[in-house]
Structure formats: C-alpha cells, structure tokens
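Subject: Structure for your files

Hello,

Here is the structure you asked for, with notes on what was found in it below. Please read the notes with the structure open.

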Amino acid sequence: MEKKQDTLIELKHVKKTFKDGVTLIEDLNLEIKKGEFVTLLGPSGCGKTTILRMIGGFDKPTSGELLLDGKDITNLPPNERPINTVFQKYALFPHLNVYDNITFGLKIKGVDQKTQDEKVKKVLEMVDLEGFEKRSISTLSGGQQQRIAIARAIVNEPEVLLLDESLSALDAKMRKEMQIELKEMHKKLGITFIFVTHDQEEALTMSDKVVVMSDGEIQQIGTPEDIYNEPKNLFVADFIGESNIFKGKMVGKKLVEFGGAVFECVDDYAADTMIDAVVRPEDVEITEPGKGKIQGEVIACDFKGIFYVTAIKTDRAEIEVHNLKSFDIGDKVGIDLAPDSIHIIPYDASINHFEGVLEEYEAGKGFTVRFEDFALEGVAANRIFDGATEKDGEDSPTDVKGEKIAWEGRKVIASFLPEDGDLSDDAEAGFVEGEIFNFIFMDDYYRYRVRSKSEEDYIVNDADLWNHGDHVSVSVPLEKFQFELAK
Amino acid sequence: MKYRFSRKQLAIPYAIFLFLFVILPLLVVIYYAFTNSEGKLSFTNYVGFFRSGEMLGTLLYSTVIAVLTTVICLLIAYPTAFILAKAKMRSSEALLLLFVLPMWINFTLRITALKEILTLFEGNLAKYQFFNTILCMVYDFLPFMILPLYNTLTKLDDSYIEAAEDLGAKKSHVFLKVILPLSVPGIVSGVTMVFLPSMTNYVVLDMIYNSTYIMGSLIGSYFSAYDWNNGSVISIILLIIICVITAISNRYTEKDTDERGNNLK
C-alpha cells in the first residue's frame with residue numbers, strides 16, 4: 001500500500017499518433033515516484049520529448065491515461081497542472097526583464113508584491129544570480145538565461161519540474177557545472193525532476209533513475225549503475241557507454257563461447273542458447289602475449305587525457321580497450337576477461353518473428369504462406385506440421401495418424417536468425433524491401449534493423465556498412481526459416 | 001594612367017537619379033515653401049495655413065480618415081494574420097496569397113472596380129461618401145497590414161506561448177501578456193505602412209469623394225492652379241508630420257528587433 005502512495009506520475013497505456021498519421025508511441029507505461037530525479041534518455045525521435053510534453057500538458061495522448069497523485073490529468077490544460085517546465089531554448093520572455101520573467105507565474109496567482117520580492121530574491125540566490133532583477137534578458141549569457149529559466153520555473157514551487165534538453169545549448173564546461181548544480185538543487189527542493197536528454201553521460205551523472213527509450217518504447221528502466229552494468233538488450237548496451245559486443249553461445253553451466261575462446265561468466269542460461277556478450281572497454285584485461293584467452297595485435301592506441309584507448313585486432317574481431325597503459329602499434333598482446341566483466345544478453349526471442357496465413361497447398365510443393373510484407377512459397381508441410389506427409393493428388397497433407405490436416409486459414413509464425421539474413425541494394429534480390437532504421441556495430445559485422453513500409457522490423461547481420469535510410473532488400477534462404485503454428 | 005574600377009562607381013547612376021528626382025524636387029519645394037509669389041523669403045504662407053480654419057479642418061479630416069483606416073485595418077488584419085500564422089493549416093500560405101493578390105492589380109483599376117460595385121449597391125455614391133472612402137482605403141491598404149503582422153507572428157516561437165501557459169496563464173492572459181507585446185514590431189510596421197500612405201492618399205478621395213477635403217487633394221488642387229507656394233507649404237507640413245511619425249516608429253521597432261535578435265540563439 002505504501003508503495004502506491006509514493007507514485008506521483010503514472011502513464012497508463014499511452015499512445016500518441018500525430019496529425020500526419022505517424023504513431024510514435026504505441027503503448028507506454030511509466031511510473032515516476034515522488035522526489036525522484038528521472039531522466040528520459042534516447043536518440044532523437046525516440047519519443048522522450050513527446051512524453052515530457054504530455055506530462056506538461058502541451059501534447060495530448062491519443063489514448064491512454066495520465067495520472068498525477070492518482071488523479072486523472074489527461075485533459076487538464078498546462079496552466080492548471082502543478083508542473084513547471086524549463087524549455088529547451090529557455091523561452092524567456094524577451095519583452096520582460098529578469099524580475100518580470102520570474103514573477104510571471106506569481107502575478108497570475110495573485111501573490112502580493114512583498115512576497116514576490118522575497119521569492120525572487122530567494123530563487124536568484126539559489127541560481128547564483130543575485131542582483132540580476134533589473135537586467136534585460138538580451139544582456140544575459142546562455143548559462144545565465146538557463147539559470148533564470150530554472151528560477152522562473154521553481155519559484156512557483158511545482159510538484160514536478162520538467163527539463164527538456166535544458167543543458168544542450170551550453171558549452172561543455174558550463175554543462176558539467178550545471179549538471180552538478182541541478183543535482184544539488186534537486187536535493188534542496190525535494191521535488192520530482194524529469195529530465196530529457198540524448199546525452200548518456202549526462203543521464204548517468206545526474207539521475208536517480210534512467211529510462212532508456214528507443215522508437216517510442218521503453219528499453220530499460222533502472223539506476224544509472226544498472227543501466228550501465230546490466231544492459232537488458234543490445235540497444236541499451238550500445239547506446240550507454242562504449243561496448244564490445246560479441247556473438248556467441250552458451251556451452252555449459254556459466255560457460256560462454258565467443259571470440260574464439262570459452263569464458264567463465266556469472267549469468268546462467270541453458271547450453272546452446274544463442275547470446276550476445278557485452279564487454280565494456282575498461283573491463284578488458286591486457287596480458288603478456290601468449291597468456292590470456294585470446295591473442296591479438298595492437299592496431300591503434302590514442303591518448304584521451306585520463307586513459308588510453310587501444311584497439312586490438314584478433315583473428316575474429318576488433319576489441320576496444322580503455323586503460324592507463326600505452327602500447328605501440330604492432331605490439332602482440334593477450335586478452336583476458338574476468339567472469340563479472342562479461343554481460344550476457346540472450347537473443348531477443350521476439351525478433352524476426354512474423355505472423356502469416358497458410359494460403360495455398362500443393363502436394364509435393366508444399367504451402368504458400370502469406371505474410372504482411374511477403375509470401376513464402378514451397379514450404380514443405382512437415383516443416384509446419386510435425387510428421388506431416390504430402391500425398392500426390394490430395395488437397396491436404398496427412399498427419400502421423402494418417403488423417404487429413406485442416407490447414408485452411410491457419411496462422412503460422414515464421415522466424416529467422418539475424419545471421420541468416422542478407423542485405424542487398426538490389427530490390428529483386430530479397431523477399432522484402434525496407435530502409436535501414438538503425439544499426440549496431442558488433443566487432444566484425446553490423447546488426448541492422450530494416451524497417452519495411454508496413455512498419456515491420458527485420459533484424460539482419462551484415463558485414464557491409466550501410467547507412468541510415470539506405471533502401472535495401474532482405475533475403476533469407478528458405479531452409480533457414482523456422483515455422484511454428486500460431487496459438 | 002590606368003583606369004581603376006571601384007565598387008563605389010556603381011552608385012553613380014543611383015546618385016544621379018536620387019539627385020534629379022528626389023533631392024532637387026525637394027529643394028524646389030523647400031524654396032517655394034519659404035518664398036512668396038514674388039520670390040522673396042516669407043513665412044506668410046505658413047501663417048496663412050495655421051490661421052485658416054478650412055486648412056486646419058482639412059488636416060484634421062485627413063488625420064481622422066487615416067487613423068480610422070489604420071484602426072480598421074489593424075482590427076481586421078490582426079486576427080487574420082494570427083489565424084494564418086498559428087493555426088498550422090496546410091493552406092495558410094495559399095490563403096495569405098489570396099489576401100495579397102489584389103496588390104498585383106493596378107491601384108486605380110481596383111478603385112474603379114470597387115466604385116462600380118458600390119454604385120451597383122448604393123445607386124448614388126454621394127449618399128454614403130464617408131463610408132465609401134473608408135471602405136476603399138481599408139480595401140486598398142489591408143495587405144500592407146497583414147503582411148508584416150503575419151511575418152512577426154510566424155516568427156513568434158510557440159515556446160513563448162507554451163511557457164506562459166506552463167506558468168499558469170489562461171488563453172486571454174497569454175495573448176495580452178505575451179503574444180501582443182511580442183507582436184509590437186509587426187503592429188508598428190503595419191501601422192506605418194498603412195497610416196502614412198492613407199494620410200497623403202488622394203486618388204481614392206478624388207474618385208470616390210470628388211472633393212478636396214484631404215491633404216493630398218489640397219496639394220493637388222494648389223499645384224494645378226499654379227500656386228506653387230501654398231502647395232509647397234502644405235507638402236512641407238505633411239513631410240514634417242510623416243518624418244516625426246517615422247522617427248517614433250523606427251525607434252520602437254529598432255529597439256525591439258535588437259532585443260529579440262539577441263535572444264534567438
């Protein structure tokens with residue numbers, strides 16, 4: 001019961017479709033607790049700003065509910081919400097001076113002059129700009145405008161403060177300072193902060209809780225440590241920090257094979273499970289040549305101020321290492337990985353699964369299966385129905401007991417592994433066309449997400465480099481497809 | 001000696017043009033304004049202007065017509081420009097074009113056409129002379145008010161409106177405290193572009209009103225009677241009024257654009 005009271009903001013089954021018909025957010029659920037510093041993190045276009053705007057009241061969800069303290073505020077206009085926003089470009093009113101900007105909200109509430117003066121003084125102290133009351137907005141630097149924008153929001157004592165990429169316009173040094181100041185301010189005020197950023201370092205530094213988003217969906221919610229050390233999927237692993245990603249499989253109890261060697265690990269999955277292993281560059285141990293599990297050669301070593309970035313080429317992959325030692329190009333080295341430095345992500349069971357309908361059957365040739373984007377012809381009956389046999393001249397295959405199978409209209413799920421797919425720029429070469437939506441570098445190949453016109457995603461590994469937006473066709477040999485009857 | 005071309009020389013034709021068609025006539029007007037019919041220095045024409053009730057009445061009347069035209073234009077143009085700029089309609093550019101389209105047709109033609117239409121409805125134009133004048137002026141000058149307002153309002157960042165709502169302002173409050181003050185530069189340039197020409201316009205009056213009760217037509221009537229001195233005096237008085245108004249409005253817009261420009265980034 002107590003836990004329930006802690007929740008301040010709740011998004012329930014929120015969907016957002018824009019006027020042009022594009023659905024950015026399909027079904028999003030999110031809980032934000034009282035007093036938390038929550039960061040919505042993701043690449044541009046992932047829907048993080050839209051969520052913030054819905055909480056602020058500037059955008060309405062197409063469907064779903066938005067609760068504040070248990071009350072439905074989905075249709076409440078922004079001026080009636082106890083929420084204030086620090087806008088990306090600050091949006092300070094250029095025709096008003098600092099004092100009038102800060103008191104804009106107070107004046108509407110009818111706060112008396114004396115209280116206004118006191119509050120302005122207090123917030124200006126808080127943002128370190130005492131005595132700036134009479135200054136015109138145009139005379140302020142970017143950092144100062146940023147602080148005034150924060151002051152203008154917090155002077156209203158909101159329950160929630162929304163910050164929309166608020167530090168992105170500042171230079172690097174100023175940004176670091178503001179990150180620390182914002183965190184301190186959050187402690188002092190004790191209210192909920194919801195911060196939106198595409199900068200993973202910023203998110204990890206500032207927040208109590210990070211919500212990693214991609215493509216309108218929440219990928220992972222957790223503390224900065226969780227997100228960094230235990231990424232739930234490859235997107236999170238790749239987006240947060242640097243990582244070496246290896247394709248491999250489990251070979252025994254807490255034993256995993258990748259990169260040409262078997263390693264002990266701490267995650268336990270059934271043997272033969274296909275996995276991706278994520279290793280952070282700072283966790284790679286470089287040993288004497290001949291020692292360690294993998295051998296390689298240094299191909300680059302760059303000084304980054306506090307550490308060196310070393311690239312090591314092995315016969316299977318290229319590995320990035322961060323440490324304090326400097327190497328010469330051409331140095332032979334060994335590589336070792338401690339069990340707790342290997343984070344294992346099982347293959348996402350839901351990728352490359354497509355639902356189709358059995359359309360036609362011809363004995364000897366098999367089924368034609370129709371999917372939304374494509375059709376597969378010549379699928380042998382026994383690949384869909386266990387033990388089925390095809391008899392000439394009959395309009396249905398027969399099952400083990402010799403009875404005819406009623407196949408018309410049955411739904412099947414077809415799936416394939418990313419490594420079995422192939423990309424081509426020849427539209428005729430594959431069974432479906434689409435555009436490269438995103439990709440992750442995986443040491444010796446790339447993993448691409450190809451999005452078709454009907455918004456289906458195809459995950460394919462390919463050694464060639466394609467760019468975002470490239471038009472490609474996906475091909476998979478028919479024998480590599482797995483079929484399963486839909487329930 | 002080698003001939004060297006400098007970019008300044010490109011200005012020569014314009015300088016000649018300016019001198020012949022702007023500065024010289026202005027000097028001539030000033031000369032006539034400060035001399036009497038015998039060509040001697042004199043201020044009697046000014047004294048005459050400010051003593052004549054008829055003259056001052058005409059000045060007042062011109063001002064009333066100009067002010068009324070400007071106010072009506074502003075009242076029509078502001079909501080129009082606001083809707084076009086902020087309603088996020090796909091066709092807003094096309095609609096704007098429709099409002100501006102009449103400007104492509106010759107001014108006199110438009111007034112003649114409007115006169116015919118009015119005659120069709122009213123029969124005798126003399127019955128509603130004042131109304132007709134204002135109607136024609138508003139019709140003529142409306143695009144000049146809509147365009148600068150539209151420009152200012154499209155540039156007005158929506159985040160200002162959202163920020164005001166975020167701070168608790170109702171729609172009416174957002175308009176009065178944020179949108180209106182931020183659109184002042186557009187209002188000022190719109191008003192300038194409508195008020196000044198309607199102050200000196202006399203084609204409309206000539207065609208609709210058939211009278212000399214307005215400054216522009218007064219100047220015309222003096223000049224056509226070869227009374228260069230009196231015509232020049234009235235021209236100079238109008239010129240001074242216009243200069244003062246322009247100076248005031250320029251200061252307003254300059255100050256404001258300066259402040260806003262700094263805030264863009």
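Of the 487 residues in chain A, 37% are buried; a residue is called buried if 20 or more other C-beta atoms, placed from the backbone, lie within 10 Å of its own, exposed if 12 or fewer do, and partly exposed in between.

Before the rest, two points on conventions. This is a predicted model, in which local features need pLDDT of at least 70 and side-chain atom pairs count only at pLDDT 80 or more, while totals for chains, interfaces and linings use all residues. Residues are numbered from 1 along each chain as its sequence is written, and chains are lettered from A and ligands numbered from 1 in the order in which they are written.

Chain A overall

The C-alpha trace of chain A spans about 95 × 60 × 50 Å along its principal axes. Chain A contains 11 helices and 30 strands; these are DSSP runs numbered from the N terminus, with helices being H or I of at least four residues and strands E of at least two. Three stretches are assigned as domains: domain 1 (2–229), domain 2 (242–346) and domain 3 (353–485). Those bounds come from an automatic or database domain assignment. Taken over C-alpha atoms, the centres of domain 1 and domain 2 of chain A are 40 Å apart. Counting contacts in chain A between residues at least 6 apart in sequence, 63% join residues at least 24 apart, a contact being two residues with C-beta atoms, placed from the backbone, within 7 Å.

With strand 11 (residues 244–252) of chain A, strand 12 pairs in the antiparallel sense over 4 bridges, and G252(A) stands opposite L255(A). This hairpin has 2 residues between its strands, and K254(A) in the turn has a positive phi of about 50°.

Strand 12 of chain A is also joined by 4 bridges to strand 13 (residues 261–264) of chain A, again antiparallel. Here L255(A) stands opposite E264(A).

In strand 12 of chain A, V256(A) and F258(A) make up the covered face, and L255(A) and E257(A) the uncovered one.

One residue in chain B

A247(B) sits in helix 12 (residues 228–263) of chain B. A247(B) counts as exposed because it has 10 C-beta neighbours inside 10 Å.

Regards

Notes:
Two strands pair if DSSP finds at least two bridges between them.
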